[in-house]
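Here are my notes on this structure, point by point. Please keep the 3D view open while reading.

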Number of protein chains: 2
Amino acid sequence: MNPLNEFVQIVLVETSHPGNIGSVARAMKNMGLSRLALINPKKFPHDEATALAGNAVDVLEQAQVFSSIEEAVKNSKIIFATSARERTIEWPVASAKDAAQEINQLAAENIEVSILFGREDRGLTNEELQLSNKHLIIPADPEYPVLNIAMSTQVVCYELYQASHNEPIGPWQDFPEYTSQELQHLIEHFNETVFKLDLIDPKNPKQILTRMERMFRRLYPDQMEGNFLRGFLKAVNNKIK
Amino acid sequence: MNPLNEFVQIVLVETSHPGNIGSVARAMKNMGLSRLALINPKKFPHDEATALAGNAVDVLEQAQVFSSIEEAVKNSKIIFATSARERTIEWPVASAKDAAQEINQLAAENIEVSILFGREDRGLTNEELQLSNKHLIIPADPEYPVLNIAMSTQVVCYELYQASHNEPIGPWQDFPEYTSQELQHLIEHFNETVFKLDLIDPKNPKQILTRMERMFRRLYPDQMEGNFLRGFLKAVNNKIK
């Protein structure tokens, strides 16, 4: 089986128009993908979805419906969120093309990836965007950069297909990927240590920690690196006591 | 004016569903294009076209309607025809990406180009395909390679935008990039701290530090992150003394 199809999940968040869900199913199948997750779709199943799916009705039939993003992505190690360009807190971003190459590489290493697509009218919330490791941006004309959701999915799936038809460059990791839970623990351990070292301005504790969290999530540490950093933090804490 | 917008015309041949015409208009405007020609559209103008055009109603309003392809393309020197892969007569072909690069070059030389998109149900006839200089093929899964017409247009317009905009996405950094010298100092500071914390196996000191150096170099910290990590290391060293 194509690793992209096996390890990549397309996640549509609170889609309003069932026709868009059908169009997404077709766009996915055109590019060899089939794993579709729907978070609280307004109308599904629906005749319009079926009509627009064309020969991709099987993708619709296999689609999984969830009541939260967290539940849908719980097996994914890496989460990309599609986003328009401007945000208050900047997050690591990748163009559709660069993201596709990265995702292709991850899938080749059997790492599950979810790609989130937001609502038709207002995309993803800031909270949803911050669930992700990286934001995926489709380059577009700044005068009108907002693509229809099915179109966004088409471009991303197209780039995934393009990426998988080039040989991926061999894994840079010598050790297995750190899991998202391990990464979470590392971040918490770092935060605790930072507090003990009195490095945080109590007037504005959140901003710097959010930025450092973002940095760790951008890092994708492997097991060796993550474990060494945990050992480092443990040794630091022993000195503080 | 953007030469692609000036010299590239998107031509839809006998489109049945007015919604598709609207979606094409939006896909074009998202990618900075506006010249749309319609050959014998079944229903146009039409509310569905307007609804799906979003903020690209101006593209619809400026669309020109023709009764033949020949008439629509009479000012174009080069014609691309989008096509599925298999044809009885072989014709020069280009992938969407390669075609976009070629078209971008032609537009930069003020050469007018038309790109033909066929009917929803059966594409372009062999005669129509033979009007073109080259066939444009969107790479897709051989099991179901037929994209919806609006999706095809989106992919082609996206590749045109990519071809004319090589600047990288980002930067995601809020702060300036850490210089390589600053990064070197950070790595040395980390290494010293690691030695003081007795975390290195003296039998094999080099390997782990090389790996951690690689990790820091992969991180591309910005000034804020790098400075915070330096402050963190300084605080740790104060505890050790």
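**Notes on the fold and the chain contacts**

1. Chain A holds eleven helices and seven strands. Its radius of gyration is 19 Å, close to the 18 Å that the globule rule gives for 241 residues, so chain A is as compact as a globular protein of that length. Bear in mind that this is a predicted model.

2. Some overall figures for chain A. Its C-alpha atoms fill a box of roughly 65 × 40 × 35 Å along the principal axes. Of its 241 residues, 46% count as buried. Take the contacts in chain A between residues at least 6 apart in sequence: 85% of them join residues at least 24 apart.

3. In what order do the seven strands of the open sheet in chain A run? The order is 3-2-1-6-4-7-5, and the pairing is parallel. Strand 3 (64-66) and strand 5 of chain A are the edge strands, each pairing on one side only. On average, neighbouring strands of this sheet are turned by 25° against each other, direction ignored.

4. One pairing in chain A deserves a look. Strand 4 (residues 78-82) and strand 7 (residues 134-137) of chain A pair in the parallel sense over three bridges. A:T82 has A:L136, in strand 7 of chain A, as its bridge partner.

5. Next, a helix on this sheet. Helix 8 of chain A lies across strand 1 (8-13), strand 4, strand 6 (113-117) and strand 7 of chain A. It runs at about 155° to strand 6 of chain A.

6. Now chain B. Seven strands form an open sheet here, in the order 3-2-1-6-4-7-5, with parallel pairing. The edges are strand 3 (64-66) and strand 5 (93-95) of chain B. Neighbouring strands are turned by 25° on average, direction ignored.

7. Within that sheet, strand 4 (residues 78-82) and strand 6 (residues 113-117) of chain B run parallel and are joined by four bridges. B:F80 stands opposite B:I115 in strand 6 of chain B. Helix 6 (residues 96-108) of chain B lies across strands 1, 4, 5, 6 and 7 of chain B. Its angle to strand 5 of chain B is about 100°.

8. Finally, the interface. 48 residues of chain A are in contact with 46 residues of chain B. Elements giving two or more residues to the chain A side include helix 2 (18-30), helix 8 (149-164) and strand 5 (93-95) of chain A. Which element of chain A gives the largest share of that side? Helix 11 of chain A does, with nine residues. By class, the chain A side has 31 nonpolar, ten polar and seven charged residues.

Conventions
Residues are numbered from 1 along each chain as its sequence is written. Chains are lettered from A and ligands numbered from 1 in the order in which they are written. This is a predicted model: local features need pLDDT of at least 70, side-chain atom pairs count only at pLDDT 80 or more; totals for chains, interfaces and linings use all residues. Two strands pair if DSSP finds at least two bridges between them. Axes are lines fitted to C-alpha atoms, for helices over the stretch in contact, and angles run from 0 to 180 degrees between N-to-C directions. Two residues are in contact if their C-beta atoms, placed from the backbone, lie within 7 Å. Ala, Val, Leu, Ile, Met, Phe, Trp, Tyr, Cys and Pro count as nonpolar, Asp, Glu, Lys and Arg as charged, and the others, Gly among them, as polar. The radius of gyration is taken over C-alpha atoms; the globule rule is 2.2 Å times the number of residues to the power 0.38. A residue is buried if 20 or more other C-beta atoms lie within 10 Å of its own, exposed if 12 or fewer, and partly exposed in between; C-beta atoms are placed from the backbone.
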